[in-house]
Amino acid sequence: MHLQVLSSGSRGNATLLRAAHTTLIVDAGLTLRELDERFEAARFSPNSIDHVLVTHGHLDHARSAGALAKRERALLHSAAALQSNASIRRCKNLNTLTVGAAQRLPGRRGDDGVSASSVLLPHDALPTLAFKIEHDGRCAVILTDMGMPRSDVARALRGAHVLVLEFNHDPQMLQNGPYTPALKRRILGNAGHLSNAQAATMLEELAGEELHTLVLAHLSEKNNTRELALEFARAALSRRGMDHVRVLIAEQDAVGENIQV
Ligand SMILES: [Zn+2]
Ligand SMILES: [Zn+2]
């Protein structure tokens, strides 16, 4: 299985996962035109998308999910509460995800596909999910948009070979930055986003022996720096004796490396 982040951040999120005969995309938060540009940059033809999974209803994740699934005749998966969402409703080929349970997403040629399980996250769009995708003994976890660290979430998502984890902000930069007081409170709150230190706490609990690549995701362009996020991630891995783990940063404006899970 391969994982490639196509876009990450508050202006749009999308991650491509390609297994032997099954292709899925987690979130489609860019416009269709922008997504097509990213597909082209990734040398990927979107008509091979079998499944579109949506983490939550915020536009930077759900914007084109319905339209993309409809155009590519893919099956759209979301939590039940999200199926009235205007973007999701554009696709009639809908599957309801059972939160907390693993579900088989079939492949194209009778192949047994991939397994996807979802976990509920504290965030101010209800519900918000993280995904654990498994294929052929390999595991990828995508966890963004989380308000505070939670041990039960970490336990449920352990075992990733590749982990995409939100490192959203530095609280000091946020406090001193240009956002309105209300937006600052929202981001800092328990249903907002993970600070670098909170993400590091999650990382320490999530990281197991099998982890080989960590992707820092959903970095704030105004309230974080790549250096700070990297520093916190590296320190957390070091505390776990895992300095060998490769650390990448997901970009807002460019497709990332196509990572072998
Ligand atoms: Zn987001
Ligand atoms: Zn969100």
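1. A residue is called buried here if 20 or more other C-beta atoms lie within 10 Å of its own, and exposed if 12 or fewer do, with the C-beta atoms placed from the backbone. Please keep in mind throughout that this is a predicted model.

2. On the overall fold, the protein comprises eight helices and 14 strands. Its radius of gyration is 17 Å, close to the 18 Å that the globule rule gives for 261 residues, so the protein is as compact as a globular protein of that length. Taken along the principal axes, the box filled by the C-alpha atoms is roughly 50 × 40 × 35 Å.

3. Of the 261 residues in the protein, 49% are buried. If one considers the contacts between residues at least 6 apart in sequence, 64% of them join residues that are at least 24 apart.

4. Seven of the strands form an open sheet of mixed pairing, and their order across the sheet is E6-E5-E4-E3-E2-E1-E14. At the edges are strand E6 (94–97) and strand E14 (259–260), each of which pairs on one side only. Within this sheet, strand E3 (residues 23–26) and strand E4 (residues 51–53) run parallel and are joined by three bridges, and leucine 24 stands opposite histidine 51 in E4.

5. Which residues of helix H1 (residues 32–41) are buried? They are Leu35, Arg38 and Phe39, and because they fall within an arc of 105 degrees when seen down the axis of H1, they line one face of the helix. The face turned away from this buried side carries Arg33, Glu40 and Ala41, which are exposed.

6. The cover over the buried residues of H1 includes strand E1 (2–7), strand E2 (14–18) and helix H3 (65–71); E1 and E2 also belong to the open sheet described above.

7. Helix H7 (residues 196–206) deserves a separate entry, with Asn196, Gln198, Ala199, Ala200, Met202, Leu203 and Leu206 buried. Among the elements that cover these buried residues of H7 are helix H4 (151–157), strand E11 (162–166) and helix H8 (226–239).

Conventions. Residues are numbered from 1 along each chain as its sequence is written. Chains are lettered from A and ligands numbered from 1 in the order in which they are written. This is a predicted model: local features need pLDDT of at least 70, side-chain atom pairs count only at pLDDT 80 or more; totals for chains, interfaces and linings use all residues. Helices (H or I, at least four residues) and strands (E, at least two) are DSSP runs, numbered from the N terminus. The radius of gyration is taken over C-alpha atoms; the globule rule is 2.2 Å times the number of residues to the power 0.38. Two residues are in contact if their C-beta atoms, placed from the backbone, lie within 7 Å. Two strands pair if DSSP finds at least two bridges between them. The arc is that of the directions from the helix axis to the C-beta atoms.
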